[in-house]
Amino acid sequence: MKRVDLIKEIAAEFELIANRLLETEVATVASVVELEPQHLAEIAKRAQKLTGPKNVKLKTVIDKSLLAGIIIRIIEEFGALFIKARICPSKGGDRFQL
C-alpha cells in the first residue's frame, strides 16, 4: 500500500526523463489571470529563442501576489533563467514585451 504514495514521484521522474530525451524545456509562467492561447504561444516562441531547445512546454500558474505582467521560470540543467515580462498595447492587440 505504501507504493501508492510514490506514484507522484515516479510520474515526476518519468516526465523529467521524457523531457530530456525529447529535448524539451519546461517553463513555468506565473500571471495574475489566465492567459489567452495566443499569448501562451508567443511566450513559448520567445522562451524557445532564449533557451535553444527544440521544444518548450509551458506550465501555467495563477499568482495573485503579482500586480501585473508575468514571470517565466525556465529551469535548465546548469541553472535557472527568470524572465519578467509586461503586456504592452500595440496596434495588433496586446503583446508581451520580454
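Colleague: Which residue just after H1 takes a positive phi?

Modeller: In this predicted model, that residue is Glu23, with a phi of about 50°.

Colleague: What makes the reach of helix H1 close to the expected one?

Modeller: Helix H1 covers residues 7-21, 15 residues in total, and extends 21 Å from its first C-alpha to its last. The expected span is 1.5 Å times one less than the number of residues, which for H1 gives 21 Å.

Colleague: Why does Leu21 count as exposed?

Modeller: Leu21 lies in helix H1. Exposed requires over 50% relative accessible area, and Leu21 has 70%, so Leu21 counts as exposed.

Colleague: Why does Ser31 count as buried?

Modeller: Ser31 belongs to strand S1. The limit for buried is under 20%; Ser31 has 4% relative accessibility and therefore counts as buried. Apart from neighbours within four places in sequence, Ser31 is in contact with Val61, Ile62, Asp63, Leu66, Gly69 and Ile70.

Colleague: What makes strand S1 mostly covered?

Modeller: Of the eight residues in S1, residues 24-31, six are buried.

Colleague: How do you know that S1 and S2 pair?

Modeller: Pairing needs at least two bridges, and eight join S1 to S2, residues 55-62; therefore the two strands pair. They run parallel, and the bridge partner of Ser31 in S2 is Ile62.

Notes. Residues numbered from 1 in each chain as written. Predicted model: local features only at pLDDT ≥ 70, side-chain atom pairs only at ≥ 80, totals over all residues. Heavy atoms only, no water. Buried < 20%, exposed > 50% of the residue type's maximum accessible area, 1.4 Å probe, protein only. Helix = DSSP H or I, 4+ residues; strand = E, 2+ residues; numbered from the N terminus. Contact = heavy atoms within 4.5 Å.
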